[in-house]
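Please read them with the structure open.

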Amino acid sequence: MSAKNHHTFVFPDDSRWDDARQAWNLAADLRPAVVVLPTSVDDVVAAVHYAEERDLRIVVQGTGHGAAVHASLEGTLLLNMRELRGVEIDVENRRARVEAGVLWEDVVTPATEHGLTALHGSSPNVGVVGYSLGGGIGWMARKHGLAADSVLAVELVTADGALVRADRTQNTDLFWALRGGGGGLGVVVAMEIALYAVEELVAGMLIWPWEESTRVLTRYVEWAESAPESISTSARLIQFPPLPEIPEEIRGRRLVVIDGAVLGTGDEANEILAPLRELGPEIDTFATVPALSLVRLHMDPEPPVPGIGDGVLVDTLDADAVAAMVDVAGPGSDSPLVVVELRQLGGALRSRKPGGGALGALEGSFALFAIGVPMGPGMTEAIEGRIDALKRALAPWSRGKPYLNFAEKRVSIGDAIGGEAFARLEGIKASVDPDGRFRSGHRFAAGAGSIEEAAQAA
Ligand SMILES: Cc1cc2nc3c(=O)[nH]c(=O)nc-3n(C[C@H](O)[C@H](O)[C@H](O)COP(=O)(O)OP(=O)(O)OC[C@H]3O[C@@H](n4cnc5c(N)ncnc54)[C@H](O)[C@@H]3O)c2cc1C
C-alpha cells in the first residue's frame, strides 16, 4: 500500500502534521514517525500492517489526556482515533457501543435523554476507551466500581491485523486484560459499556478559603473513612487562575473545595454531608440535579492545556498527613501546583468483583493527584520538584502504588495491578502481541526484562 497517497496517513512534511500529532495535554510534544487518523476499521488494519512492514512500534491515542507519559515516539506510528466518534445507545438492554474516539460527553448526553448514564469521570472530554483501559474512577465509583468493570465487550484489532471481539463468552483472557491493564494489547476500535438508570442525584461543591485547608481536610479525611458508598467525593486545594471562563466568586482565588455526588434523596444527602457542613463553607451548591450535570461538576479544563501532573494511591490519612500535605502545597507554601486532589476511594472500589478485570480494585483510601501548568521558564522543574516533595511528604501513608489513570509519569503496569495479575497479563500480551508491537502509555513490565523492552532492544 502506498501510504503517501492515503489521506489517513500524515507525515512530518504534511501541512496537517502539527494538528495530527497534537495531544490534549499541550505539554506532550509527540514526534512519531507518522500519524494515522483512521476513519474506519479497515484504516486501522492498514495502519497495523504498515507498521509491521516497516517495523514501527504503535501507540494508540484517543484524546491525548494521558499523553504526558510518552517520552519519545521515535520509530513509532501514532494511531490517533479522534475521527471515530460513533455512539449507539441500546435503551432496553442499558448498554452503549462507543467507537474509539468517543468522549464521555458524547455518550452521556444521549444516554441521559433516556434516563440512563454511564460511569464517566470528572472531565466531559476524556476518552471513554483510554479512561476505561486504565480503570476509571468517577462520581459513582464507590457505589458501582471501576468503569473498567462496567465494560461489556471490546472490539480490538490485534498485531496480526485481525478484528476480534472480547467479552464474557469469547476471548475471555483478553477481555479480562483489557479492563484495567492500561492497553498495549492492540487497537481498541469500539467498546460496549453498561449504562445505569440514574435520572437525578444530589451533587455539588462545598468551598472554603484555603486558609481553612488544615481544618477542612482534617475533618474530610476522617469523614471519608466512614461515609456510605452512596457518596463519592474529591477534596482539592486549588489555586484558580484569573481566567474569564471561571465563575467570578472563585476566579483568581485560592480555595479548598470538596465536591461530589450522592446516589440518594436530598434528605439522605443532607445527613451524609452534615459533618462537612458544620465547618461552615463559604459556598455550598449541593442540590438535586439531572445526571447530565455531573460531567461538568468538577470544572475540569476542556480546551487543551499544558499540564505536568502525577499521582499515587494513599492509605488512611490522619491529621499529621494533612499537615504534611498542607505544608508542601497549601497556604504559605508558595506552591506552583494549581490543584492537589484527594479522590475518595473505598466502597465498591475496595474489593474485586467476581468476573472483574485486570485491575479489579484500588487499594487505599484516596487517589492523590497533583498538577501544575508550566507557563514560564523553570516552571517544569518547579512543578516536578513540588510533586515529588508532596509524594515524599505523604510516603508514610502510602505504599507507593500508582493508579494508571492518574500516573502521568511512566510507571510499571505490574506495580499498578499487582504481581499475580501482571503475570497473567504478561502471558496474554505474549500471545496476542508476540513482537511487542504495541506500546501502552505505561511500561509493560513488572521490572526489567519485559517483552516490550526486549522487543525494543532487539
Ligand atoms: C482533565 C482530566 C480529568 C480526568 N479525570 C479523570 C477521572 O475523573 N477519573 C479517572 O479515572 N481518570 C481521569 N483522568 C485520567 C484519564 O482517565 C487518563 O488520562 C486516560 O488515560 C485518558 O484517556 P484518553 O483516551 O482520553 O487519553 P489518551 O492519552 O488518548 O489515552 C491514554 C492511553 O490509553 C490507551 N488508549 C487510548 N485509546 C486507545 C485505543 N483506542 N486502543 C488502545 N489503547 C488506547 C493508550 O495506551 C493511551 O496512551 C483525567 C485526566 C484529565 C487530563
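1. Start with helix α3, residues 104-112. This helix lies across β5, β6 and β9. Against β5, α3 runs at about 35 degrees. Bear in mind throughout that the model is predicted.

2. Which sheet do these strands belong to? Five strands make up an open sheet, ordered β5-β6-β9-β7-β8. The pairing in this sheet is antiparallel. The edges are held by β5 (87-90) and β8 (163-167). Each has a single partner strand, so one side of each is left without a neighbour in the sheet. On average, neighbouring strands of this sheet are turned by 15 degrees against each other, direction ignored.

3. Look next at the pairing of β6 with β9. Strand β6 covers residues 95-99, and strand β9 covers residues 187-194. Five bridges join the two in the antiparallel sense. Within this pair, Ala96 of the chain stands opposite Ile193 in β9.

4. There is another open sheet to check. Five strands form it, in the order β1-β2-β4-β3-β18. Here the pairing is mixed. Its edge strands are β1 (9-10) and β18 (438-439), and each of them pairs on one side only.

5. How many bridges join β1 to β2? There are two, and the strands run antiparallel. Strand β2 spans residues 34-36. Phe9 has Val36 in β2 as its bridge partner.

6. Helix α2 (residues 41-53) lies across β1, β2, β3 (57-61), β4 (76-80) and β18. Relative to β4, α2 runs at about 170 degrees.

7. Now the whole protein. The protein has 13 helices and 18 strands. Its radius of gyration is 21 Å, close to the 23 Å that the globule rule gives for 458 residues, so the protein is as compact as a globular protein of that length. The C-alpha trace spans about 65 × 55 × 45 Å along its principal axes.

8. Burial and surface come next. Of the 458 residues in the protein, 58% are buried. The accessible surface comes to about 17900 Å². Carbon and sulfur atoms account for 50% of that surface.

9. Last, the contacts. Take contacts between residues at least 6 apart in sequence: 73% of them join residues at least 24 apart.

Conventions. Residues numbered from 1 in each chain as written. Predicted model: local features only at pLDDT ≥ 70, side-chain atom pairs only at ≥ 80, totals over all residues. Heavy atoms only, no water. Pairing = 2+ DSSP bridges. Helix = DSSP H or I, 4+ residues; strand = E, 2+ residues; numbered from the N terminus. Contact = heavy atoms within 4.5 Å. Axes fitted to C-alpha atoms, helices over the stretch in contact; angles between N-to-C directions. Rg over C-alpha atoms; globule rule 2.2 N^0.38 Å. Buried < 20%, exposed > 50% of the residue type's maximum accessible area, 1.4 Å probe, protein only. Areas by Shrake-Rupley, 256 points an atom, 1.4 Å probe, with all protein chains shown as cover.
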